[in-house]
Amino acid sequence: MISKRLLVLGAAAALALTACGGSSGSTPQAGSGPSGSGNEAAGHFTPPKLSALTKLGTPEGQLNIVAWAGYAEDGSTDPKVDWVTPFEKQTGCQVNVKTAPTSDDMVNLMKTGQYDVVSASGDASLRLIAAGTVEPVNTDLVPNYADVFSGLKLKPWNSVNGVAYGIPHGRGANLLMYNTDVVKPAPTSWSVVFDKNSPYHGKMTAYDSPIYIADAALYLMKTQPDLGIKNPYALDDKQFAAAIALLKEQNANIGEYWSDYTKEVQAFKNGDSVVGTTWQIIANLAQAEKAKVNSILPSEGATGWSDTWMVAAKSPHKTCAYLWMNHIISPKVNAEVAEWFGEAPANSKSCALTVDKNFCATFHADDESYFDQVWYWNTPIAQCLDGRTNVTCKDYGDWTTAWQEIKG
Amino acid sequence: MRRLSGVLHRHTWLRLALLLVLPLLVLVVVYLGALAVLLLSALWSTDVFTGNIVHTATLDNLREVVTNATYRAVTFRTIGVAAAVTVICAVLAFPMAFYMAKVASPRARKVLVVAVLTPLWASYLVKAYAWRSMLAGDGVVNWALGPLGLRGPGFGLTATIVVLSYLWLPFMILPVYAGLERLPDSLLEASGDLGAKAGRTFRSVIAPLAFPAVVAGAIFTFSLSLGDYITVQIVGGKNQLLGNLIQGDAGAANNLPLAAALAAVPIVVMVVFLLAVRRTGALDNL
């Protein structure tokens, strides 16, 4: 006969166990994604005084990476997709990869001090620089930097006052994905997700992050010129309120939000979501799982990202970190990553090495006029990013609060 | 050594102090201390751009938590979900526990206890994701209900309540089972001898005596549901509960002070709940 007291104790212990299991498996959440529009200066601030490495030492034997899913593949997703193992063999740096679903998670992970390099998007990079989490990068120690498209060098999201803080990785746009069986006619505009009378009620999805407010602002910028939105990351009170109102209308039609990309793949595969914002890699994975989906860049243009590899200021593995940055933007590897993830490579020599010879043309790798239409993720701050000085803009804290309010 | 044991033998208080110092240290410093720091940090604020914490005391966060309409709505939604889960668990657990305690043979009883505990061996996440694929558009729930012309609830609050009830059911069954087992059979027989039918025996004898056990189980299911934020992410569709707000503030917004202020809400709810529960005597049953 089992004693009752023991039973209750057992229940309490099991409860503690489950609770632990739950929290360790938690999916991190909403952040801001890549950022920074190509064309504007970020806020003016003085970063903490840190200096770049002057010369490489002996590889330290270990490297801890924070990256977007699909950026540092080691063959575990697809045995043919592996650029980590060759790097490990070549340098002796044992690589640990931590993928993060949003920029906010990246910022938080880097703040723990346990990681050496990060593939930061424009909305994370400036925050990391301002907080002194990352240090300047000596581009002379990264030979492949010479071949990076000049349109990506020393930009507001990867440098401060002409000092480089990272190595450009690649860039792309947030796309519109839809189920080709259900969504007819095929959409060409973001209106399909912002029309409140949408026939896809309850089957719509959106990125679960405050930065998604910029997607609504971009749509308003094109459809309601009266609001005078010049940059989706620089919204004054009235413009911000309009974007929030639009997203609240959209919320009625949303089935679920996603930040974990596997969740979106599954939702499209099972038919729980039929239309919504996506990344090219998610569309690729969904198609690989036989989901009937297509992804497009809508007529209004899109938000997007321009990512930068950055080195943690307190990293004990800086030589490995520099070797990694040089490896990941080397022509061949950068071509592989770009094709796998579905983005434009940063290395100009990569275009000759892609499997699909039209890849760079499709993704507009060297087409600066195309990327002028893409609004890279950026961190909204009180000083308007579009240069207005007569109004105060909503900062990222306001965006976060509003995002919770939108979700209700 | 002999002298030491002699000293310890003479001074009972010393023996007790040595025995308790470590557990008390853990309880006060690690457990309550961490909680105090958490609540204290609710008074700080965050530099929005760098994400660094500004150590200046302000009541803004607490005021925000109390006055913000979104936070209020989410708080009530969370309490509603936790209450629904608790009621469902109690309704499902009672007959099950009664059968185990009073009807089943001793051998079957052991098997049933193991059966109730078995789901706890599987990871929480595995079970939640299993429910996600069962409740999906082309999942097994819709497939099974299809011939009847019905559809499953899909992802949403209903699905969240169903999954949480499933997850926490063992935590209700076990205390209720323990409570019912303690109930002497002779009382039931006496009730029958005095002419009470089954319903009357249940109302007048079983229910009052088993109530504290149900409340003990309710403490588990209620507090677990109140803090859960993962199930709702997996099967809750677009809904958010208090845990998601805290996670959003701690993770996405990197605003730990506001997250700490929000974390005070479930603490307050639980304290109120426990104070109410104390009056029923259920805490003696733990």
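**Strand pairing and a helix pair**

Reply: This is a predicted model. In chain A, strand 3 and strand 13 (residues 302–312) pair in the antiparallel sense, with 4 bridges between them.

Me: Which residue in strand 13 of chain A is the bridge partner of Val118(A)?

Reply: Met310(A) is the bridge partner of Val118(A).

Me: And how many bridges join strand 1 of chain A to strand 3 of chain A?

Reply: There are 2 bridges between strand 1 (residues 62–67) of chain A and strand 3 of chain A, and these strands run parallel. Ile65(A) is opposite Val117(A) of strand 3 of chain A.

Me: What about the faces of strand 3 of chain A, buried or exposed?

Reply: Both faces of strand 3 (residues 117–120) of chain A are covered. Val117(A) and Ser119(A) are buried on one side, and Val118(A) and Ala120(A) are buried on the other.

Me: Switching to helices. At what angle do helix 3 and helix 4 of chain A cross?

Reply: Roughly 25°, with the axes of helix 3 (residues 103–111) and helix 4 (residues 122–130) of chain A coming within 8 Å. Angles under 35 degrees count as roughly parallel, so helix 3 of chain A is roughly parallel to helix 4 of chain A.

Me: Which residues make that contact?

Reply: Helix 3 of chain A contributes Ser103(A), Met106(A), Val107(A) and Met110(A), while helix 4 of chain A contributes Asp123(A), Ala124(A), Arg127(A) and Leu128(A). By class, that contact has 5 nonpolar, 1 polar and 2 charged residues.

Me: Now the whole chain. How many helices and strands are in chain A?

Reply: Chain A has 14 helices and 15 strands. Of its 408 residues, 55% count as buried.

Definitions and conventions
Residues are numbered from 1 along each chain as its sequence is written. Chains are lettered from A and ligands numbered from 1 in the order in which they are written. This is a predicted model: local features need pLDDT of at least 70, side-chain atom pairs count only at pLDDT 80 or more; totals for chains, interfaces and linings use all residues. Axes are lines fitted to C-alpha atoms, for helices over the stretch in contact, and angles run from 0 to 180 degrees between N-to-C directions. Angles under 35 degrees count as roughly parallel, over 145 as roughly antiparallel, 65 to 115 as roughly perpendicular and the rest as oblique. Two residues are in contact if their C-beta atoms, placed from the backbone, lie within 7 Å. Ala, Val, Leu, Ile, Met, Phe, Trp, Tyr, Cys and Pro count as nonpolar, Asp, Glu, Lys and Arg as charged, and the others, Gly among them, as polar. A residue is buried if 20 or more other C-beta atoms lie within 10 Å of its own, exposed if 12 or fewer, and partly exposed in between; C-beta atoms are placed from the backbone. Two strands pair if DSSP finds at least two bridges between them.
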